[in-house]
Amino acid sequence: MPRPERTRVMCVANQKGGVGKTTTTVNLAVALALHGNRVLVVDLDPQGNASTGLNVPHHTGVPDVYDCLINSVPLEEVAQAVEGIPNLWCVPATIDLAGAEIELVSVVARESRLARAIAAYPGHFDYVFIDCPPSLGLLTVNALVAAQEVLIPIQCEYYALEGLNQLINNINLVRQHLNPRLEVSTILLTMYDRRTRLADAVEQDVRNHFGDKVLQAVIPRNVRVSEAPSYGQSVMTYDPGSRGATSYFEAAQEIAERGVKEPVSRNA
């Protein structure tokens, strides 16, 4: 896959839970890393599911992203190489992160703690994926301030579109006040069931509204995608031939090619 000219920091966000944020983060990161890109995953969700999916230890006592946000520990000291996947690193999240929302309230420059930690990382990455919690609190704001691009996974179901306006409004607020270079660059449709008219209707609505920001690749409902995390793997390594794996590969390829053809606008 082509490598971008400069680091692309992508925040995977949607305040609705269960839409495939973590699954998308893990599988895109693995797909890009397996095809020659240097990738860092920052797990910013206290549940630590991205850490689980990459088989990275994240029990209590493991240095994690909380230490970076609250105690200013350098990111390279907490980043762990992902076993079996060259070029892929993960900054894990432990349950300590659950208290970070409250502790950050009194911290100086609380919205930009993650941005500074990523900027200070001595190595070069082609991609940094930030897996956000399903909320619009200070952790998600930190991710939006650190990122240049927002990737929004949208579940192909009726409720999926309900909270989207609020998310877009928050992204616009962050752009106006904290991070003028932020843009929604990518929309990915997940959990697509071709047998239902509803999935088709949601897809048409999303494509009509967001235009070419929506990837052509669509992630189907696939049992292999759901099974993979229980083995501490992504679907890319658990069952590379499955429909879920090939769909995520197509999505990663599209994201990589877009990054080369259309360099991220700094004025957007």
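**Exercise 1.** Determine how the residues that line the largest pocket divide into nonpolar, polar and charged.

*Solution.* The lining of the largest pocket divides into twelve nonpolar, 15 polar and four charged residues, where Ala, Val, Leu, Ile, Met, Phe, Trp, Tyr, Cys and Pro count as nonpolar, Asp, Glu, Lys and Arg as charged, and the others, Gly among them, as polar. The model is a predicted one, in which local features need pLDDT of at least 70 and side-chain atom pairs count only at pLDDT 80 or more, while totals for chains, interfaces and linings use all residues. Residues are numbered from 1 along each chain as its sequence is written, and side-chain values use heavy atoms, with hydrogens and water left out.

**Exercise 2.** Find which helix supplies the largest share of this lining.

*Solution.* The largest share, five residues, comes from H1, a helix that spans 21-34 (helices are DSSP runs of at least four residues and strands of at least two, numbered from the N terminus). Strands E7 (183-192) and E8 (214-220) are among the other elements that each supply at least two lining residues.

**Exercise 3.** Classify the aromatic pair of Trp-89 and Phe-125, and state which parts of the chain the pair ties together.

*Solution.* Rings of Phe, Tyr and Trp (its six-membered ring) pair if their centres lie within 6.5 Å, and planes under 30 degrees apart count as stacked, over 60 as edge-to-face and the rest as tilted. For Trp-89 and Phe-125, the centres are 5.6 Å apart with 70° between the planes, and the pair is edge-to-face. Trp-89 lies in strand E4 (residues 88-91) and Phe-125 in the loop between helix H6 (113-119) and strand E5 (127-131), so the pair ties together parts that are 36 residues apart in sequence.
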